[in-house]
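Subject: Structure for your review

Dear colleague,

Please find below the structure that I am handing over to you. I would be grateful if you could read the notes under it with the structure open.

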Amino acid sequence: MKKRVLITADIDNYIHNRFETLGYSVDVKPEIEREELLRIIADYTVLIITTYTKVDKELIDNAANLKIVGRVGSGMENVDVAYCSQKDIACVNSPEGNGNAVGEHCLAMLLNLFNNINKANTELKKGLFLREENRGQELDGKVVGIIGYGHTGQAFAKKLRGFDVEILVYDKYKPAQDDFVKNVSLEEIKVSCDVISFHVPYNEETHYYCNTSFVNDCTKSPVIINTSRGAVVNTTDIIDALENKKINGFCVDVYEDEPITKNKVHKLQVYQKLLSFENVIATPHIAGWTIESKYKLAKILMDKIEGLVNILNSND
């Protein structure tokens with residue numbers, strides 16, 4: 001069978017070009033519907049995806065010739081990795097590629113919130129020159145908690161080193177090795193931190209990790225940052241916390257519905273309510289979406305895939 005690759009996302013052309021140098025025929029279908037994907041997947045040996053293509057049992061059972069699933073980016077919650085393994089399908093991703101981008105984005109949102117930049121910018125464009133109403137607060141002297149210390153958590157911590165802050169880290173599976181952070185319990189994060197940022201994968205354990213119970217355990221009414229996955233945070237609980245001033249702000253890049261008009265988990269009105277708070281800084285899942293990370297994600301993934309291709313070729 002001819003070696004063929006299907007790409008179901010808008011990604012850097014580097015992947016397309018490098019596959020061609022390896023002798024693969026490449027089809028790029030970023031708008032492909034589920035029904036068509038199920039119908040044609042048997043024609044491909046490699047599938048390249050991002051967040052929104054679901055590689056479940058149904059798809060895998062239709063993929064008679066599939067050998068590799070490449071996920072551009074981090075997180076494999078949309079891939080049934082265990083079932084792929086049963087079918088001898090290798091799964092790889094490239095979480096190393098956008099850690100820096102996410103770290104910078106977290107810092108940007110936090111400084112934006114603390115300094116009322118969005119609010120003041122909007123007011124000034126309307127002719128309102130309000131100084132006292134936009135008096136900000138400084139990051140220096142704050143205690144920042146990072147939950148999950150993988151690639152993005154580490155990147156955020158490194159960006160914070162230029163500030164006079166204390167960085168506390170909680171990771172259930174991978175304690176931090178950096179000497180500029182302190183490993184602590186989850187309870188200490190809740191008690192001590194002015195800012196809490198989530199950098200965990202999405203799974204059953206982290207579903208609604210941040211909810212009313214979590215917020216109520218926090219002593220300082222912290223700013224919450226979520227750039228991991230939407231369902232790590234319970235949206236309606238966050239709205240309640242904002243209304244009752246249980247948190248001092250929310251910086252969010254990921255949502256339970258993407259796009260927020262999807263109406264699968266929440267109606268659009270829920271997100272409109274969330275976005276109506278002045279102390280909410282929101283972006284449309286772009287934290288890891290820089291010009292530089294687009295290339296790095298592709299390059300790192302292809303380095304891993306080429307190694308797998310060489311193994312496959314040697315076994316032929």
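The notes below go through the findings by region.

Please bear in mind that this is a predicted model.

The sheet of five strands

The model contains an open sheet of five strands, paired in parallel and ordered S2-S1-S3-S4-S5. Strand S2 (25-28) and strand S5 (90-93) are its edge strands, as each pairs on one side only. From one strand to the next, the twist averages 15 degrees. Within this sheet, four bridges link strand S3 (residues 46-49) with strand S4 (residues 68-71) in the parallel sense. Across this pair, Ile49 is found opposite Arg71 in S4.

Helix H1 and its ends

Helix H1 (residues 13-21) lies across strand S1 (4-7), S2 and S3, and its direction is at about 160 degrees to S2. The buried residues of H1 include Ile15, His16, Arg18 and Phe19. At the start of the helix, the backbone nitrogen of Tyr14 has a side-chain oxygen of Asp12 within 2.8 Å. Just after H1 comes Gly23, whose phi is positive, at about 90 degrees.

Strand S7 and its neighbours

Strand S7 (residues 166-170) is mostly covered, with four of its five residues buried. The chain reaches S7 from S6 by way of helix H7 (residues 151-160), and this β-α-β crossover is right-handed. Strand S6 (residues 143-147) runs parallel to S7 and is joined to S7 by five bridges. One of the residues involved is Val144, which has Ile167 as its bridge partner in S7. S7 also runs parallel to strand S8 (residues 182-183), and two bridges join these strands. Here Val169 stands opposite Asn183 in S8.

The cysteines

How many disulfides does the count come to? The count is zero. In general terms, a disulfide is a covalent bond between the sulfur atoms of two cysteines. The cut-off applied here is that the two sulfur atoms lie within 2.5 Å. For Cys193, the closest cysteine sulfur is that of Cys218, and the separation of 8.3 Å is too far for a bond. For Cys210, the closest cysteine sulfur also belongs to Cys218, and here the separation of 7.1 Å is again too far for a bond. Cys193 is buried, at a relative accessible area of 0%. Cys210 is likewise buried, with a relative accessible area of 0%.

Ser228

Ser228 sits in the loop between strand S10 (223-226) and helix H10 (235-243). Is this residue, Ser228, buried or exposed? Ser228 has a relative accessibility of 7%, and a residue counts as buried under 20%, so Ser228 is classed as buried. Its side chain makes a polar contact of 2.6 Å with the side chain of Asn226. Leaving aside residues up to four places away in sequence, Ser228 touches Phe198, His199, Val200 and Val254.

Yours sincerely,

A colleague

Key: Residues numbered from 1 in each chain as written. Predicted model: local features only at pLDDT ≥ 70, side-chain atom pairs only at ≥ 80, totals over all residues. Heavy atoms only, no water. Buried < 20%, exposed > 50% of the residue type's maximum accessible area, 1.4 Å probe, protein only. Pairing = 2+ DSSP bridges. Right-handed = clockwise from strand over helix to strand, strands pointing away. Axes fitted to C-alpha atoms, helices over the stretch in contact; angles between N-to-C directions. Contact = heavy atoms within 4.5 Å. Polar contact = N/O pair within 3.5 Å; in protein donor to acceptor, adjacent residues only side chain to side chain.
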